[in-house]
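User: Hi! Could you walk me through this model?

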Amino acid sequence: MQRAPIGVLEVSTEGVVRDSNEIGQTLVDVTDPTGAPIADVFPRSVDDTLLTAFDGESVTETDFEEYYPDLGRWLAISVVALSEGGTVYVRDVTERRREKQSLQRLRQERKRTELIDDVRSDILAALVDASSREEIPDTICRGLGETDLYEFAWVGERGVGRDGLVSRSVAGKTGEIFEAVRDAVDDETVTTPEERAVESGRLQAAQPLTASSAVPESVRTAGFADGVQSALAIPIVYGSNVHGVVGVYASGTETFSERERASFETLGEIAGFAVSAVRNRNLLLSDTITEITFELGESSVLTRLSQSLDSTLKLEGLVPQADDALLCFVSVEGDGIDRLDQETAGMREIRRTRVISESDSGGRVELTTCGSTPLLAISSLGGTVRRASFDGGTGRLVVDLPPDGDVRRIVDTVSRKHDAEFVSKVERKRSVTTAREFRDELDDRLTQRQRTVLQTAYFADYFESPRGSTAEEVATSLDITGSTLLHHLRAGQRKLLDAYLDGQRKASERE
């Protein structure tokens with residue numbers, strides 16, 4: 001017994017330990033169990049299977065594996081019946097059990113990651129086929145809620161004229177907890193993970209759900225009743241704008257690993273891009289445009305700049321950049337251009353300035369703005385700034401929007417967040433001509449990088465004679481090398497000429 005490679009304990013029919021080897025004593029954490037009842041020697045487990053083997057008049061043979069919390073070990077136990085009692089063989093299988101659990105977790109995580117990848121593909125397909133953004137929340141909810149991995153998923157968006165969330169779609173076994181979540185969203189005294197995700201633009205996790213103080217008590221109670229123990233709130237973001245949130249609820253206590261959270265974060269960004277893309281496409285293809293006019297106060301950085309320069313500023317063009325930045329090309333009417341660097345030094349919203357051209361009556365400048373601004377909000381929400389002028393501390397912003405239900409939402413968002421006063425709304429017809437077809441074709445041909453480089457070079461007067469900006473200055477604005485800039489410029493110009501000359505040829509053939 002002492003030389004045996006596993007633990008051995010000899011036990012009488014009455015359940016008293018008669019002898020044991022050192023390995024057996026070590027595995028059950030006792031010194032000398034001789035003469036003690038087996039119930040006192042072995043710590044308790046959930047099922048106490050070992051004790052039932054010595055309950056009757058004779059020993060019952062059995063083989064099993066159980067976890068013993070006091071020992072922190074999984075033990076594999078075999079009971080062999082003898083003429084007078086029985087022998088208990090004990091092996092430590094903790095490492096094997098942990099490896100098996102780790103393998104199962106990896107398989108589940110891989111399966112969930114594959115699911116998220118499938119949902120990404122569905123969203124991209126919805127971007128191509130969807131005629132409205134309402135199809136995108138349905139795609140997300142069906143892809144996540146109608147699976148065995150999660151209990152349910154729902155998508156919420158800000159309601160028009162309110163700070164709370166409105167449910168747009170839900171799928172899965174909602175039970176009582178979804179009603180509790182909706183009630184908590186409407187309750188101004190508590191805050192849900194979904195609301196925090198919308199406010200911060202960052203992913204929020206609560207697991208285990210029932211022990212998280214970040215979750216309202218009513219939601220925790222309903223989750224306990226439904227067996228829901230994990231929650232993840234994924235913001236649907238594009239740029240600085242948060243379109244809404246996806247709430248995913250699961251039964252496991254540690255469902256969402258770091259890897260899964262990163263995948264879900266990417267999913268939220270793709271969904272936000274899809275929503276913005278559908279809005280932009282509706283604006284591009286619509287025969288009718290909704291023209292919205294806003295008056296801006298001193299909360300806008302360009303209105304403050306016009307006042308400090310004592311000049312009139314007019315927006316000539318803008319190019320979205322990474323990290324919530326905009327490259328704005330502004331004409332200055334007045335003599336304040338010499339004080340540009342001095343006046344913008346204390347404005348945290350303006351990251352960089354550059355004078356493109358200068359004359360007796362003013363000039364043209366390039367401004368890199370960052371953070372939350374009305375111009376960035378309009379761009380993120382799918383609108384197009386048609387005109388913008390700033391004078392004496394006030395500004396006027398004219399925006400083209402697609403004529404759908406988003407108009408009210410965009411007006412509400414810009415008015416609430418940016419101290420903008422809604423002035424007017426006008427429905428305007430526009431001609432569906434070959435100009436639009438020409439632009440559509442170019443959008444198909446140009447890459448995003450080529451489009452950005454061409455826009456920046458154009459607004460920076462790179463194509464003027466004499467040039468308002470050198471290639472090095474344009475490259476610096478885009479944070480790329482001069483050779484990379486010239487490569488993209490040549491590729492983009494070639495595609496522009498191909499589209500233009502090919503369009504002329506087709507028009508001649510029709511004539």
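This is a predicted model: local features need pLDDT of at least 70, side-chain atom pairs count only at pLDDT 80 or more; totals for chains, interfaces and linings use all residues.

User: How many helices and strands are in the protein chain?
Analyst: The protein chain has 17 helices and 18 strands, taken as DSSP runs (helices H or I, at least four residues; strands E, at least two) numbered from the N terminus.

User: And what share of the residues is buried?
Analyst: Of the 511 residues, 46% are buried (under 20% relative accessible area, 1.4 Å probe, protein chains only).

User: Which residues have the most contacts inside the largest nonpolar core?
Analyst: Phe 294, Leu 305, Leu 375 and Leu 397, in a core of 34 residues. A nonpolar core joins buried Ala, Val, Leu, Ile, Met, Phe, Trp, Tyr and Cys residues through side-chain atoms within 4.5 Å. Apart from that core lies another of 28 residues, including Val 248 and Phe 264.

User: Switching topic: where does Glu 66 lie?
Analyst: Glu 66 is in strand E3, residues 62-68. Glu 66 is buried without a salt bridge (a side-chain nitrogen of Lys or Arg within 4 Å of a carboxyl oxygen of Asp or Glu).

User: How far is the nearest side chain of opposite charge?
Analyst: That is Arg 44, 8.9 Å away; Lys and Arg count as positive, Asp and Glu as negative, and His and the chain ends are not counted.

Terms used:
Residues are numbered from 1 along each chain as its sequence is written. Side-chain values use heavy atoms; hydrogens and water are left out. Buried means under 20% relative accessible area, exposed over 50%, partly exposed in between (1.4 Å probe, protein chains only).
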